[in-house]
Amino acid sequence: MKSYKILLLLIGVSVFGCSDLEEEPVGLLSPEGFFQTTGDIQTAVDGSLTHAINEMFWGRKLSVALMLRSDMVALASNETRRVEMDEFTTLASNGMISEFWPKTYQGIAAANQAIAGAEDVGVADEIKNPVTAQAYFARAFYYFHLVRLFGDVPYIDAPITDVDAATSMSRTPASEVYANIISDLEFAKAWLPNTVTSRAIPSKAAASSYLALVYLTMEEWQLAYDESTEVINNAGTYNLALESNFQNLFDASVIDASLEPIFALDYNNFEADDNAYDQIAPMTGIRGDVRNSGGGWSIAVPSLEVYTTWDAGDYRRAVSLDDTAKFDDDNDPETPDVEYPYTQFDVSAHEFAKNVPYIAKYTRFPEPFARANARATSHNYSMIRYAEVLLIAAESAVELGNNASALNYVNQVRARARMGGETMTGASVAVTVAPSTVPADLTGTVTVADVLEERRLELAFEGKRWYDIVRRQLGGVAFGTSGLEGLKSNFSSTDYLLPLPEDELERNPNLLPQNPGY
C-alpha cells in the first residue's frame, strides 16, 4: 500500500480552513526554498492526496453525505446534520458541509503549492512533469467534487499569499470550473505514466477516465464516449481489467493485486493525529454484530426496498448487502446465526437500529484496523474503476445512437455479475455463490434508464448514485412515492446543490448570493 509523506506546511494550506482570519493562516507560510528536487514536488503531491483520506473527506463526512442524499441509503440516527442530509432540510450551518468543504480546499491548496513549487525545480520537463501532473490530477479531483456539490465555487489555482485577496474572492461560474478541470486532466493525461505501482497514484488511465466522467456529467456525449473507449481500447497497455470476483473489490487483503481500480484512496491501518483514516465500516455496519471488535453503529442503512427489489440471483447483492448476522453478548460460540429479519436484534441497544439487511461492502474484509468497530481500516476505496468506465461508454453510446456498443459494454458488466464467487455472511460464515443466469444480457434497444439502473447496482454505496441523480435530474422520481425510500416531501429542484457553508459566507460576503433555496 502507498504510504504518504506528510509535509505540515503543505497539507495545512487553506484560507478556508482557518477558524479565525484575524490570525495568520497556515497557508501564508512561504514555501520558498523548499522545492529543489522532484522528490520535493512528490512530497507536496502526497500532502495533497492525504487530505482525501481524512475522516473529514472520504473517511466519513463526504462519503456518508453522498450515501444519505441518494435513494439507496436511509438514516438510523437523529443527529441533526445527518437528518438534514437525508431529509433534504440541509442548512448552511450543517456540520458535515463545514468539515468537508475546508478539507477539500486544503487538498487543492497543497496541489497548488506542488504546481507552483515545480517551477523552482531546475530539471527538464520530461523529468518533473510526470510528477507535477499528479498535482494537476489531484486539483481536478477535488474541484470535480466541489462543482457537482455546490455549483459556482471559488476557483484557486495558485498559492494564496495575501489575506485581503483571500477574503475578497468571489465564486467562479461552474462552466469555468469545468473548463479548468478539463485543462488539468488533459495536462495530467499527457504526462502521467501508463501504469503505476499503486492505484493510489494517478495514472494516464485515471486522467482519461475522469475526463470521460466529466464529459458525461457535462452531457458532452461524443467526448465522453471517445475518452472512455480510449481507456477500454488500451486496457492492456494500462493494465486494466474487470476483477473476476466482485467481492475482491471490497476485500482489503487482495485489492492491491486487482486490475479493476483505476484510481483509489488507499488506507493503511493507521489513525493519524489529524484524522487521516476511515470510519465507513462502522457507519454502515450492523449494530451488535460480533465482527470487527464491536460491530457497527447502524447509521447509514439501506431501505428495505433496496434489498427486496434487487434480484437475489445477482451476485452483487450478496456482496453488497448483509442479510445474516450474529448477535453474541456473552462470546458463546454456540450462539446461532440469525437471518433477516433479525429476531434477536437488540433494538434496546440502539433505538434507531433498523431491522433490515445492511451494507456489507466495507464490513466483511477490512483487514487490520487500528480502532474498534473497524475504524482506520486497510481498505482501498475505488474512486473510479474499470466497470464504471464501461458504463460511461455504454451511456454515452446510447445518447449517440450506437446501440451495438451500448449492449457490448453493459453486458460485460452484467456477465461479471453472473460469475458468482466467494464471499461471507455477517456471521463470518464463508459462502460460495454459484454462477447464475442473473442478470441476463440486455437485448434489443438499450435505454439511458437501463444504464443508470446498472450503475445503481454495480456502484451501490460507492458515492456515485447521488451524482447520477443530480446530473440526470432524477430527484422527482427517486424521492417520490415510488422511490426506494418512499416519498421525501422536502425534496425540490434546489436540493440538487448544497448550500455554501455559513461560516465561509460570514468571513467573505463576496461569496454571496447563497445557492437558491437556502
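Axes here are lines fitted to C-alpha atoms, for helices over the stretch in contact, with angles between N-to-C directions running from 0 to 180 degrees. The views below all come from a predicted model.

**View 1. Helix α2 alongside helix α6.** Here are α2, spanning residues 38-50, and α6, spanning residues 125-150, with axes that come within 9 Å and cross at roughly 15°. Angles under 35 degrees count as roughly parallel, so α2 is roughly parallel to α6. The crossing of α2 past α6 is left-handed. On the α2 side, the contact is made by Thr 38, Ile 41, Gln 42, Val 45, Ser 48 and Leu 49. Facing them from α6 are Ile 127, Lys 128, Val 131, Thr 132, Gln 134, Ala 135, Ala 138 and Tyr 142. Sort the residues of this α2 and α6 contact by type and you get eight nonpolar, five polar and one charged.

**View 2. Helix α16 against helix α17.** In this pair, α16 (residues 403-418) and α17 (residues 448-458) pack at about 35°, and their axes are 11 Å apart. Again we have a left-handed crossing, this time of α16 past α17. From α16, the contact takes in Val 410, Val 413, Arg 414 and Arg 416. From α17 come Val 451, Glu 454 and Glu 458. What sort of residues make up the contact of α16 with α17? Three are nonpolar and four are charged, with no polar ones.

**View 3. Ala 394 in helix α15.** Ala 394 is found in α15, the helix of residues 386-399. With a relative accessible area of 0%, Ala 394 is buried. The C-alpha atom of Ala 394 is separated by 5.5 Å from that of Tyr 409, although the two residues are 15 apart along the chain. Setting aside neighbours within four places in sequence, Ala 394 is in contact with Ala 406, Tyr 409, Val 410 and Val 451.

**View 4. Helix α4 and its buried residues.** In α4, which covers residues 80-87, the buried residues are Arg 82, Val 83, Glu 84, Met 85 and Asp 86. They pack against α3 (61-69), β1 (73-75), α5 (97-118) and α12 (280-284). Leaving out residues up to four places away in sequence, Arg 82 touches Arg 60, Leu 68, Leu 75, Ser 77, Met 96, Met 283 and Ile 299. Just after α4, Phe 88 takes a positive phi of about 60°.

View 5. Pro 439 lies in the loop between β10 (430-433) and α17. Another joins Leu 512 and Pro 513, where omega is about 5°. Pro 513 belongs to the segment after α20 (502-507).

View 6. Glu 367, a residue other than glycine, has a positive phi near 60°. You'll find Glu 367 in the loop between β7 (358-359) and β8 (380-385). With 31% relative accessibility, Glu 367 counts as partly exposed. Gln 473 has a positive phi too, near 50°. Its place is in the loop between α18 (465-471) and α19 (475-478).

Conventions:
Residues are numbered from 1 along each chain as its sequence is written. This is a predicted model: local features need pLDDT of at least 70, side-chain atom pairs count only at pLDDT 80 or more; totals for chains, interfaces and linings use all residues. Side-chain values use heavy atoms; hydrogens and water are left out. Helices (H or I, at least four residues) and strands (E, at least two) are DSSP runs, numbered from the N terminus. Angles under 35 degrees count as roughly parallel, over 145 as roughly antiparallel, 65 to 115 as roughly perpendicular and the rest as oblique. A crossing is left-handed if the near helix is turned anticlockwise from the far one by less than a right angle, and right-handed if clockwise. Contact means heavy atoms within 4.5 Å. Ala, Val, Leu, Ile, Met, Phe, Trp, Tyr, Cys and Pro count as nonpolar, Asp, Glu, Lys and Arg as charged, and the others, Gly among them, as polar. Buried means under 20% relative accessible area, exposed over 50%, partly exposed in between (1.4 Å probe, protein chains only).
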